[in-house]
Amino acid sequence: MPASGRAEDAAAYLGRAGLAVLGALDTVAERTGEPVAAIALAWLTAQPTVAAALASARTPRQLTDLLRATALDLAPDDVAPLSAASGGARCCRRGPGPPAS
């Protein structure tokens, strides 16, 4: 991991659970053809307990990847591995209605 303040902070999340989430993100991104950052942000912001997500970009490419999240509605097949890896968060449905199961 590169030496930086961000890298040091991120290292705290690279235990077994964090690596499982990263693996699930990679799997979903590969299947959908969407950037990992977009998948992660779309999944996070669709959680019923998340009021807002903070994301930052240092390059135009990173910003483009993050903005893709606003157009994503993850399918149940995409949500399942993310939910399992993260310990059971269920929802990735936008708009009114009950969480997807």
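Two residues are in contact when heavy atoms lie within 4.5 Å. With that in hand, welcome to this protein: among its contacts between residues at least 6 apart in sequence, 59% join residues at least 24 apart. This is a predicted model, where local features need pLDDT of at least 70 and side-chain atom pairs count only at pLDDT 80 or more, while totals for chains, interfaces and linings use all residues. Residues are numbered from 1 along each chain as its sequence is written, and side-chain values use heavy atoms, with hydrogens and water left out.

**Overall make-up**

- The protein has five helices and zero strands, where helices (H or I, at least four residues) and strands (E, at least two) are DSSP runs numbered from the N terminus.
- Along the sequence, the pattern reads α-α-α-α-α.
- Of the 101 residues in the protein, 27% are buried; buried means under 20% relative accessible area, exposed means over 50%, and partly exposed is in between (1.4 Å probe, protein chains only).
- The accessible surface comes to about 6,700 Å², and 59% of that belongs to carbon and sulfur atoms. Such areas come from the Shrake-Rupley method with a 1.4 Å probe, and for residues only the protein chains shown count as cover.

**The nonpolar core**

- A nonpolar core is a set of buried Ala, Val, Leu, Ile, Met, Phe, Trp, Tyr and Cys residues joined through side-chain atoms within 4.5 Å.
- The largest such core here has 16 residues, and those with the most contacts inside it are Ile 39, Ala 42, Trp 43, Ala 69, Leu 72, Leu 74 and Leu 82.
- At least two residues of this core come from each of helix H2 (16–32), helix H3 (36–45) and helix H5 (76–86), and H3 gives the most, with five residues.

**How the helices pack**

- Two packed helices are described by the angle between their axes and the distance between the axes. Here the axes are lines fitted to C-alpha atoms, for helices over the stretch in contact, and angles run from 0 to 180 degrees between N-to-C directions.
- Angles under 35 degrees count as roughly parallel, over 145 as roughly antiparallel, 65 to 115 as roughly perpendicular and the rest as oblique.
- The axes of H2 and H3 come within 9 Å and cross at roughly 110 degrees, so these helices are roughly perpendicular to each other.
- On the H2 side, that contact is made by Leu 25, Asp 26, Val 28, Ala 29 and Thr 32, and on the H3 side by Val 36, Ile 39 and Ala 40.
- H2 and H5 pack at about 170 degrees with axes 8 Å apart, which makes H2 roughly antiparallel to H5.
- Residues that meet between H2 and H5 include Val 21, Ala 24 and Leu 25 in H2 and Pro 81 and Leu 82 in H5.

**Two residues to look up**

- Leu 82 lies in helix H5 and is buried, with a relative accessible area of 1%.
- Leaving aside neighbours within four places in sequence, Leu 82 is in contact with Ala 24, Leu 25, Val 28, Ile 39, Trp 43 and Leu 74.
- Leu 82 and Val 21 are 61 residues apart in sequence and 6.3 Å apart in space, C-alpha to C-alpha.
- Thr 45 lies in helix H3 and is partly exposed, with a relative accessible area of 31%.
- The C-alpha atoms of Thr 45 and Ala 69 are separated by 8.9 Å, with the two residues 24 apart along the chain.
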